[in-house]
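Biologist: Please take me through this structure slowly, and set each term against the cut-offs behind it.

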Amino acid sequence: MSSVEPFRLQAASQRFSDLDHVPIGLAVLDSGLNVLYWNSSLEQWTGIDRQAASGTALSRLNPEWERPHYAQRMSLLFNGGPPVVFSPLLHPKIIPQPPGANRFFNAKATSVPDGEGGWWAFLSVEDVTVMSLRVEELRELQVRQDRLMREIHHRVKNNLNMISGLITLQKAQVRPGMETGPLDDLQSRIVAISEIHDVLYHSSTLSVDSTASYLETLARLLDTNLSLSGKHRLVLDLDPSIVLKTDTTILLGLVQAELMTNALKYGLSSNNDESITIRFARLGPGEYQYMLSHSGDRLPIDFDPTTSEGLGMVLLTAYAGQLDTTLGWERGDPTRFWLRFRE
Amino acid sequence: MITLRSLSILQELINIGVGKGAQVLNTLLNHHVVLDVPEVAETTVDQLVEALGLDRTRALSCVQMGYRGALHGEVQLIFPEETAAQMVSLIIGDGYALEELDFIRQATLTEVGNIVINAVVGTLSNLFGFHLQYTLPLYRGGTLESIEDQADLEAMQVILLAKTRFTIQELSVTGHMVLFFSMPTYRNLEEALEGYVIR
């Protein structure tokens, strides 16, 4: 039995009949959430014809509307209040669907004058099934790709670690008194790249979550692998809030590998009070400084990174160039190297 | 310039509004949701960026709705995009660790924003008897500059900034509710607040 007077149903039906064939679902509701008008798109999507819907409480057509928040939110509309939106993921049953149908709808309700000084609610429902399914497919695809990428990072890291292990074995074969320097240098570079793959493998977003954390792990690894005396201190002052792009972080890691290798091999003496200090800070919005300093003043008299033909310095100059900057340095005690760059 | 008394009443009323919004969210989401507004401040368009304290280059998510009539302006609820993505993920329980919102998740944030904004705007307009016409809520993404570029800022001379804290289960995130007003209609709000009798 309809709780709406027939003349109201007729008036609503006449007033909104032009909206009968628009490709969105439209319903007009009174303040008791009874249906006054139900267009043909809604008939088609719900399987409920207009005659059955007209004058019936929406909650009888669709028990979902018995949930109290619907009436609570819609109540504002009957005082001419602001529009109400119902999103597809939070309201998968916003309109009744025939058995087996699983469509997504985006719905909005707005106030419309009832012609007698009061308000009705105008509920418009848009079928977003195709777009929603496409988004979910893309999301699933992305999850699969992320899983594969993670697997690749894991394998690359393992392979690089294996190469690093082979270099360690090779160094053990070097006869006493022979130079292991080139093998140390090579190993540092491999460790720097391997660590980035480890960071990416463990990151939930497959990107570097903290540049400082990567630089710290790398510094400690290089310190353990290359320390000759083990008597020096490693001081780290790295801003944990800085998150640079992965490519930039890799370049910084490679820079650190070169500078630390040099510091550990040539910069420090065997005194107990020697130290390596690494500072990484934000200078201003989008501007950063990386600095590595070590005790002692042991650079060769004719040292000049711009003309040096050593592979380490050639690489450092190239890395700095990729960061669109140059390598700064200062002779003294401590000896300092730095990069100021923007991202 | 709004008086301290009015600002304090406004903060109280906005808190009542967001409290009602939280009740709706509680029943809708079946999560324990707490909303509060610990700070409300008056500012201008020129000082907005500084007052928000958000990085200009940061990706933001915004739900906005315009109003006309006794008050003329726009209300925006702004979150850093990764925060919004985290909140939506928790709400819909999809388990994805996303940093950005796709179309369907933008719709979820729009609904959450709609609930909060309606509760606040509804509380103010009902209490003061303001008759307003509203635009449909919209999602906007981008940097602060690109979001504000699309707003009709030339007509808006005064801004009220309400820091809004969402606590949903174990997640606590902070958004910014920005209420823009044209000067003549802002006077209506000021007068209503001045005349408001605390019971």
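Biologist: At what angle do helix α7 (residues 181-202) and helix α9 (residues 246-267) of chain A pack, and how far apart are their axes?

Modeller: This is a predicted model, in which local features need pLDDT of at least 70 and side-chain atom pairs count only at pLDDT 80 or more, while totals for chains, interfaces and linings use all residues. Residues are numbered from 1 along each chain as its sequence is written, and side-chain values use heavy atoms, without hydrogens and water. The two helices pack at about 150°, with axes 9 Å apart, where axes are lines fitted to C-alpha atoms over the stretch in contact and angles run from 0 to 180 degrees between N-to-C directions.

Biologist: Why is α7(A) called roughly antiparallel to α9(A)?

Modeller: Angles over 145 degrees count as roughly antiparallel; the angle here is about 150°, and therefore α7(A) is roughly antiparallel to α9(A).

Biologist: Which residues of α7(A) and α9(A) make the contact?

Modeller: With contact meaning heavy atoms within 4.5 Å, those of α7(A) include A:Asp184, A:Ser188 and A:Ile196, and those of α9(A) include A:Ile250, A:Gly253 and A:Glu258.

Biologist: What makes a space a cavity, and how many of 30 Å³ or more does the search find?

Modeller: A cavity is a set of points on a 1 Å grid over the protein atoms alone where a 1.4 Å probe fits but cannot get out, and its lining residues have an atom within 4 Å of a point. The search of the whole structure finds 1 of 30 Å³ or more, and the largest cavity holds about 60 Å³, a volume being the space filled by probe spheres set on the points. Among its lining residues are B:Tyr67, B:Val121 and B:Phe181.

Conventions
Chains are lettered from A and ligands numbered from 1 in the order in which they are written. On a 1 Å grid over the protein atoms alone, a cavity is a set of points where a 1.4 Å probe fits but cannot get out, and a pocket is an open set with protein on both sides within 12 Å along at least five of seven lines; lining residues have an atom within 4 Å of a point. Helices (H or I, at least four residues) and strands (E, at least two) are DSSP runs, numbered from the N terminus. Angles under 35 degrees count as roughly parallel, over 145 as roughly antiparallel, 65 to 115 as roughly perpendicular and the rest as oblique.
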